[in-house]
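User: I'd like a close look at a single part of this model, please. Pick one that shows how the inside is put together, and walk me through its surroundings.

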Amino acid sequence: MPELIRPSTVLPAVRTPFVVYTEDGIDLIGEIARPTEKTTGSILMLHPLPTAGGMMDSHVYKKAANRLPAMAGINVVRFNTRGTTSEAGTSTGHFDNALSERFDVEAMINYCIDDLKLENLWIVGWSFGTDLAIKFAHDSRHKGLILLSPPLRFSTEEDLQWWSNDGRPVIALVPEHDDYLKPDEAIKRFAVLKQTSIIPVEDAKHLWVGEPAVYRVLSEITKVIAPERLPLPEEF
């Protein structure tokens with residue numbers, strides 16, 4: 001009998017740890033969760049601010065890795081940016097305020113495409129991870145950006161203009177009660193991007209706490225990558 005999906009639910013996937021080496025000599029700890037059957041696409045997840053507790057196991061990302069391979073056929077790649085610790089281990093180096101993290105993002109995209117041979121790859125950023133995606137995920141081989149709770153703290157007008165010129169999709173999920181950037185302001189700040197889609201999410205907060213918020217995030221990711229797999233099941 002199917003069971004209700006709960007916060008602790010872990011669905012079948014092939015989970016493989018890895019270490020990736022950056023151009024400036026940092027070791028990045030991570031994991032890929034692959035579907036056991038047909039693959040529909042892939043996501044590389046850039047986590048929230050490590051100085052505020054963000055890491056590859058931040059709850060939405062952990063649940064994505066636990067569910068999306070089985071639910072939607074999506075490869076989920078998570079890793080710790082430099083100086084960040086999770087259950088999987090600690091990446092070497094030190095937090096650098098969205099400067100040297102450029103090497104982390106570039107190394108991980110290269111790893112996903114050159115080593116893992118992932119196709120239909122999208123970059124997913126959450127909070128600080130959205131700034132890393134906007135500033136550094138310029139590699140032409142991925143499909144675009146999915147941004148969760150973008151604060152636009154480190155991103156500049158020039159960074160946004162780069163994406164406007166690039167033309168690839170930029171989809172931003174903005175919580176109604178976000179602590180840093182609410183939907184109305186996000187629409188103004190992202191106006192330079194002709195191809196952006198701002199999706200206001202009612203009753204949600206910056207940290208996407210609660211199963212309804214997680215379900216919405218995972219559904220929006222799936223809508224971009226594998227819409228044929230919607231609606232996501234609530235039991236498995």
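Analyst: Buried here means under 20% relative accessible area, exposed over 50%, and partly exposed in between (1.4 Å probe, protein chains only). This is a predicted model, in which local features need pLDDT of at least 70 and side-chain atom pairs count only at pLDDT 80 or more, while totals for chains, interfaces and linings use all residues. Residues are numbered from 1 along each chain as its sequence is written, and side-chain values use heavy atoms, leaving out hydrogens and water.

Let's start with Thr130, which is buried because its relative accessible area is 0%. Thr130 sits in helix 3 (helices are DSSP runs of H or I, at least four residues, and strands of E, at least two, numbered from the N terminus). Beyond neighbours within four places in sequence, Thr130 is in contact (heavy atoms within 4.5 Å) with Gly125, Leu147, Leu148, Pro150 and Pro151.

On the helix 2 side the contact is made by Glu101, Arg102, Val105 and Glu106, and on the helix 3 side by Phe128, Leu132 and Phe136.

The buried residues of helix 2 include Phe103, Val105, Met108, Ile109, Tyr111 and Ile113, along with the charged Glu101 and Asp104. Covering the buried residues of this helix are, among others, strand 1 (14–21), strand 2 (27–34), strand 3 (41–46), strand 4 (74–79) and strand 7 (121–126), as well as helix 3 (128–136). After helix 2 comes Lys117, with a positive phi near 60°.

Now for the core (buried Ala, Val, Leu, Ile, Met, Phe, Trp, Tyr and Cys joined through side-chain atoms within 4.5 Å). The largest nonpolar core has 42 residues, and those touching the most other members are Leu44, Val77, Met108, Leu145 and Phe190. Helix 2 (residues 101–115) gives this core its largest share, seven residues.

Ile221 belongs to helix 6 (residues 211–225) and is buried, at 1% relative accessibility. Not counting residues up to four places away in sequence, Ile221 touches Ile43, Leu68, Val124 and Ile146.
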